[in-house]
Amino acid sequence: MNRLLKSLVLLVSLTLSGVLFAGEVQHQSFHSKTLNRDYVYNIYLPDGYQTSGMRYPVFYLLHGNLGTENSWVSNGNIAETADALIAAGKIPAQLIVVPADPKFWWADGTEEKSLTAFIQDLVPQVEQQFRTLTQREGRAIGGYSAGGFGTVNIALQYPEMFAAAAALSPAVYVPVPPSDSSAVKQDTFLTNGEFDPALWESMNWVSFIDDYKASGIVVPFYINTGDHDRYDIALHATVFYMALRKFQPEFAELRIFDGDHNFDAWGKTVGNAMEYMSRFLSAPE
């Protein structure tokens, strides 16, 4: 199926589901040198992008376990949310990139270097192909669950690249994930077929927070989670929030709401996260 046909199928499916929006969602792919395969993603282009000639900020939005590039578009109604917020003047017009990570955890495992591919392949490709703002104030990053894990760890390791971050129900378990988490079966965190706590810790925020603080660069964080989260992420999100709050009290926000670990929670709260991050993003130029 070629790119145009994929885009038409996506548009028809969204229309039939009752999701209508002024912005445009395109399905894209390119060859990733890091992964040695095609890297696929969806991109939301705000109303007017095609004719404005302007450059826009970009919000990189990550999915969680078993997700795809369609998760935020089909289940999270991200295009509809962005349209409404832009029309109301609550956020600047922006591009939203929803990439796909087949390994789901946005980390550099032994089989695939998902984090490296995101930084070294995806971001440069988007900035080459689309009219974007390429300074730090032109980028934000966010995601849910495993995508929240990726958001936290990417932002802490590359604070010079992102003006703000939003971790929704982030799977930032300390010291280890619960036994029913997909992380304990994900080969990214396995050694000789068994979950490796040391490997998990090496890829989690506790291993990056000191270098992040030493960098002198502050990434404002919006963190939220449901109080009935089935993985007890309210606890782990609060631990991460408190570590940030001691260092950057004016640039860390925590919201605990009535909800579980699902798109009913993420789709309804991503707009709040986008409003928070808009305080630190540049307007289109």
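This section describes a helix pair, several individual residues and the backbone geometry of selected loop positions in a predicted model.

Helix 4, formed by residues 78-87, and helix 10 approach each other with their axes within 10 Å, and the crossing angle is roughly 40°. Helix 4 is therefore oblique to helix 10. The crossing of the two helices is right-handed. On the side of helix 4, the contact is made by Ile 78, Thr 81, Ala 82 and Leu 85, which meet Gly 267, Val 270, Gly 271, Met 274 and Glu 275 of helix 10. Sorted by class, the residues in this contact comprise 5 nonpolar, 3 polar and 1 charged.

Helix 10 spans residues 263-278 and also contains Thr 269. With a relative accessibility of 9%, Thr 269 falls under the 20% limit and therefore counts as buried. A polar atom of the Thr 269 side chain is placed 3.0 Å from the backbone oxygen of Ala 265. When residues up to four places away in sequence are set aside, Thr 269 is in contact with Leu 168, Asn 224 and Phe 257.

The loop between strand 6 (164-168) and strand 7 (190-191) contains Pro 175. The peptide bond joining Val 174 to Pro 175 is cis, with omega at about 5°. Ser 169 belongs to the loop between strand 6 and strand 7 as well. The phi angle of Ser 169 is positive, near 45°, although the residue is not glycine. Ser 169 has a relative accessible area of 0% and is therefore buried.

A positive phi is also found at Asn 36, another residue that is not a glycine, with a value of about 55°. Asn 36 is situated in the loop that runs between strand 1 (24-32) and strand 2 (37-45). Its relative accessible area is 60%, over the 50% limit, so Asn 36 is classed as exposed.

Strand 1 includes His 27. The relative accessible area of His 27 is 8%, and this residue is therefore buried. The side chain of His 27 forms a polar contact of 2.9 Å with the side chain of Glu 69. Between the C-alpha atoms of His 27 and Ile 223 the separation is 28 Å, and the two residues are 196 residues apart along the chain.

Phe 130 occupies the loop between helix 5 (114-129) and strand 5 (139-144). Its relative accessibility of 7% places Phe 130 among the buried residues. The contacts of Phe 130, with residues up to four places away in sequence left out, are Gln 26, Gln 28, Tyr 41, Ile 43, Leu 45, Tyr 49, Arg 55 and Leu 95. Phe 130 and Ser 114 are 16 residues apart along the chain, and their C-alpha atoms are separated by 22 Å.

Technical notes:
Residues are numbered from 1 along each chain as its sequence is written. This is a predicted model: local features need pLDDT of at least 70, side-chain atom pairs count only at pLDDT 80 or more; totals for chains, interfaces and linings use all residues. Side-chain values use heavy atoms; hydrogens and water are left out. Helices (H or I, at least four residues) and strands (E, at least two) are DSSP runs, numbered from the N terminus. Buried means under 20% relative accessible area, exposed over 50%, partly exposed in between (1.4 Å probe, protein chains only). A polar contact is a pair of N or O atoms within 3.5 Å; within protein, one must be able to donate a hydrogen and the other to accept it, and residues adjacent in sequence count only if both atoms are side-chain atoms. Contact means heavy atoms within 4.5 Å. Axes are lines fitted to C-alpha atoms, for helices over the stretch in contact, and angles run from 0 to 180 degrees between N-to-C directions. Angles under 35 degrees count as roughly parallel, over 145 as roughly antiparallel, 65 to 115 as roughly perpendicular and the rest as oblique. A crossing is left-handed if the near helix is turned anticlockwise from the far one by less than a right angle, and right-handed if clockwise. Ala, Val, Leu, Ile, Met, Phe, Trp, Tyr, Cys and Pro count as nonpolar, Asp, Glu, Lys and Arg as charged, and the others, Gly among them, as polar.
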